[in-house]
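Have the viewer open as you read.

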Amino acid sequence: MIDWAARDKQVVWHPFTHMSEWISGDPLVIDRGEGSFLYDVAGRRYLDGVSSLWCNVHGHAHPRLNAALREQLDRLAHSTFLGLTHKPGIELADMLVRLAPKGLTRVFYSDSGSTAVEIALKQAFQYWQLRGESRPRFVRLEHAYHGDTLGAVGVGGIEIFHRIFGPLIHESIGVRTPATYPNPDKLSGEDLSARSLAALAKTLDEHGSQIAAVVMEPLIQGAAGMITHPAGFATGVQKLCRERGVLFIVDEVATGFGRTGTMFACEQEELEPDFLCVAKGITGGYLPLAATLARESIFEAFLGARSEMKAFFHGHTYTANPLACAVAIESISMLEEGVLERGKDLGGYLGRLLREFVEPMKWVGDVRRRGLMIGIELVEDRTTGRPFPVEHFQGVKVCEAARKHGVILRPLGDVIVWMPPFNMNRDEADLLASATMRAIEDVCG
Ligand code: PMP
């Protein structure tokens, strides 16, 4: 029998992975997936508690998605979108424009969340150039995460991921996000929001003519540790952008396609951004695909005779890959046909499990949820909120322990993430909760 783990250790370099630990560890080699479960090469099954890094929507190997993919495969696997077009790319763009916030009428495809953001940044910059203004700066929230390519890292604010690349990037201006203000006086979310918005207004007043756009995730900053925003915060940011004449980029790479309870989180705040970045769940978690949607007025600035050289010179080999577009169309149709509603039920059920069983645990300092995006924050002392020492890597250990109880989890520091696929049933949700609680007991108890 082939020792896949041993072979992996010889030739593979994994993302976001401390490779010396990986090499001395016991990697899980996944063989197949079915519904909410992944199976390893030894046939053991694990509940996929994080939707394969937040992208799976309907479960693994879904018959409808498989069929859509096969059908497209028999027609065309790939043909470039540079100078040519194809039906799945057009049909999906139509669908995205129909579902996205009002005013977003143009779809530019790419292949990851990072590229979707990178493209919005470059389009925003070039838009101002084409209007005769040089605006080289971007504003982002504290702890922001928008991807790993250099432009996206430039609007990132997570110290351990981003600091090292400081000399390579074009630094953005960070504005404090409401939830992270020191709050000894127990100010309301509204007050914290007002503070953050005042800081943003000040930044825009000081640097306004230099700023191309403000970029943010709406409702919840995922990779930052599932940091939730008070209601109305994103609307406040949008209002300031409009008043100060700065473009507004919304990153729905994590929140898009039903994750927060509506097709896009924008709907819950009536946001109408200038750019919308989507990826992850767009293909139901099947294939790499992303899209950056823009307003017609932005698009129009790029129009002109060839000799004017106004085109947006950016494109990837697999832009709008037809297989990915075909599976995306099917996945989004399924969301519209009732899966979105099902996701709301699942969210409600998980909310109950969290309130009744997880929140009362001694080591749980906070539980944050927006739809099916959930963060369980572990602390050493919940009365004072004192965190575990960083060097204990408690979050990593809890996720390792959960695997022994049959559930795959991945932490963000000491925040344990639940991001279930929408098809997860109640028994599976119970398993997710019980395995997480047992793992917390194993490690913290
Ligand atoms: N933006 C957000 C909000 C994300 O959560 C992520 C990935 N976690 C990205 C961008 C980057 O996406 P990708 O990993 O597909 O490049």
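Start with Ile30, which is partly exposed because its relative accessible area is 39% (buried means under 20%, exposed over 50%, partly exposed in between, with a 1.4 Å probe and protein chains only). Before going on: this is a predicted model, where local features need pLDDT of at least 70, side-chain atom pairs count only at pLDDT 80 or more, and totals for chains, interfaces and linings use all residues. Residues are numbered from 1 along each chain as its sequence is written, and side-chain values use heavy atoms, with hydrogens and water left out.

Ile30 sits in strand β1 (residues 30-34); strands are DSSP runs of E with at least two residues, helices runs of H or I with at least four, both numbered from the N terminus. Leaving aside residues up to four places away in sequence, Ile30 touches Leu38, Tyr39, Asp40 and Ile408, a contact being heavy atoms within 4.5 Å.

Now hop to helix α4 (residues 63-75). Its 13 residues should span 18 Å at 1.5 Å a residue, and the end C-alpha atoms are 19 Å apart, which agrees; the expected span is 1.5 Å times one less than the number of residues. Buried in α4 are Leu65, Asn66, Ala68 and Gln72. Down the axis of α4 they fall within an arc of 160°, so they line one face; the arc is taken from the directions from helix axis to C-beta atoms. Their cover includes α5 (87-99) and α13 (322-358). On the other side of α4, Pro63, Arg70, Glu71 and Asp74 are exposed.

Finally, look at Leu150 in helix α7 (residues 150-154). Leu150 counts as partly exposed, at 43% relative accessibility.
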